[in-house]
Amino acid sequence: MAAEEKPSKEQSGDEQAAEKEPSVLLGQQLGEAGRFAYGALCGVSLAWLFPGKEQSSFRTEFIEGLMKWLDLPDAVLPAMAAFASGLGGEGTESFTQVLLQDPILHGNPIVIIQDLLSFSLKDGYYDARARVLICHITWLLRIPLEELEVLEESLLESLKEQNEAESETAAVSRKKKERRTKLKRYLLIGLATVGGGTVIGLTGGLAAPLVAAGAATVIGSAGAAALGSTAGIAVMASLFGAAGAGLTGYKMKKRVGAIEEFEFLPLTEGKQLHITIAITGWLCAGKYGSFTAPWSSMLQSSEQYCLAWESKYLMELGHALDSLMNGFVNMMAQEALKLTVFSGIVTALTWPTSLLTVASVIDNPWGVCLHRSAEVGKHLAHILLSRQQGKRPVTLVGFSLGARVIYFCLQEMAQEKDSQGIIEDVILLGAPVEGDPKYWKALTRVVSGRIVNGYCRGDWLLSFVYRTSSVQINVAGLQPVDLDDRRMVNMDLSSVVNGHLDYMKQMDTILRAVGIKTKECWQEEKGSSSLLCPLAKKPQQEAGSEEYAEQQEDETDSE
């Protein structure tokens, strides 16, 4: 028994020593060359991702803050500033290799992403531009993007645990989970082993509250108690909004202009450091009678919402669309439409007379919804600008008139100050909006990541209903938007979408085509090791196997 007690005393001594040991930033543990390469890689990436003059202040503030974070000497500031201004881009691969060769990484580059994530969150504000940068660096380091998602969820869980009271059973369960987490190297949760001593990789403004709960088993309960403070609550409030309820807590208190209905419906029950908002384009009877129905398979984030807006008018539009498609006129006109639309002759004179005679069936509800979607988009812009969602990146996805809502939301945001760093990606599918690139240029001032225009050249229904309502020639939902910007991505969905109504019916396939995660995607990735780099295969297997974790835990206990 005495022999067994001795290790226990030594362990207690180690814990006390760890409690007194000052926290050291992981980035500062890199060698001088590694830290320089780390900063340089971020600098040249910032210049490539956000080259505009309006982004210069963000680039400068980010790189100067990162220099302090990495404890780089002031002498290298001119070089870092030059990288952030657009010089040295040809050295990207060299910087990457120097960084990967730093012995501190132990062949596991995910620690750089963890460090960059903690730096980006240290003030309780997750800028969309910072997340786009992190995703880009993740790609440069050949790390699967799924590992960034895991890191974000891990940090969030630690923060949530800091703010929640635990029952005895919950505490035991948490401690057991923490021990397993330690086995999963790629999760890290802010811990890195350097020179034989354990140091806290997450320090600075966000470090203490994030790792306090999870660090208890490593640095001792007393040290964890010292780390955890009211700062954690402040960070949570900043990231998720003061109300803490996210977008579901928003209620339109009174009628705003012509808008009668505006509400966020949850698509998932989780919380995440970045959110997704989906916007439906119309409603119809049956399976697609709800706003949430088209988005049942989407899983871009653990926290997703669907915007419920003007259901009365969208249902009327859906009935009109069904009437037009399913009626006798559709049967008679189908072949004629193929000849006119696909040949590119789209003037009003080419439309069959039989179809024009029933235009009133669709024109009125379509015109009403065109106007209301623009108003809803402007209102959404001010909701996002007010940070109702907290200080987190937002991805917007919409089809048909839902895409029009997004378009006008972005146009409105572009006219306001402090609109940058909120929107990460936007996906507009079959958008009934102007397709001239000069109108889309404003969107680049707001969107940090991708601007995806999904279109179908043979969408005769969109061609008909939109062009009978406007004299505009270019429609984004029918053709690519020729905007020269790295954000702009045009995707021809003609092989998936045969007609406008397919945007609702084929949504699962469309989402995967435009790079939006679905539940099926996650299942395939979990079951396919080919999607993971060699260093990540083992941890991914561990993450997906409770039996493996139990086995490793038992082995640790036996040692």
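Biologist: At what angle do the axes of helix H2 and helix H3 cross?

Modeller: Please note that this model is predicted. The axes of H2 (residues 32-49) and H3 (residues 56-69) cross at roughly 170° and come within 10 Å. Angles over 145 degrees count as roughly antiparallel, so H2 is roughly antiparallel to H3.

Biologist: Which residues of H2 and H3 make the contact?

Modeller: H2 contributes Tyr38, Gly39, Cys42, Gly43, Leu46 and Ala47, while Phe58, Arg59, Phe62, Ile63 and Leu66 come from H3. Sorted by class, the contact of H2 with H3 comprises eight nonpolar, two polar and one charged residues.

Biologist: Turning to the sheet, what is the order of the seven strands?

Modeller: In general, strands of a sheet pair through backbone hydrogen bonds, in either a parallel or an antiparallel sense. Here the sheet is open, its pairing is mixed, and the order reads S3-S5-S4-S6-S7-S8-S9. Strands S3 (262-266) and S9 (488-492) stand at the edges with a single partner strand each, so one side of each has no neighbour in the sheet. From one strand to the next, the twist averages 20°.

Biologist: In which sense do S4 and S5 pair?

Modeller: Strand S4 (residues 275-279) and strand S5 (residues 304-309) pair in the parallel sense, over four bridges. Ile279 stands opposite Leu307 in S5.

Biologist: Which strands does helix H17 lie across?

Modeller: Helix H17 (residues 401-414) lies across S4, S5, S6 (394-399) and S7 (423-429), and runs at about 140° to S6.

Conventions
Residues numbered from 1 in each chain as written. Predicted model: local features only at pLDDT ≥ 70, side-chain atom pairs only at ≥ 80, totals over all residues. Heavy atoms only, no water. Pairing = 2+ DSSP bridges. Helix = DSSP H or I, 4+ residues; strand = E, 2+ residues; numbered from the N terminus. Axes fitted to C-alpha atoms, helices over the stretch in contact; angles between N-to-C directions. Contact = heavy atoms within 4.5 Å. Parallel < 35°, antiparallel > 145°, perpendicular 65-115°, else oblique. Nonpolar A, V, L, I, M, F, W, Y, C, P; charged D, E, K, R; others polar.
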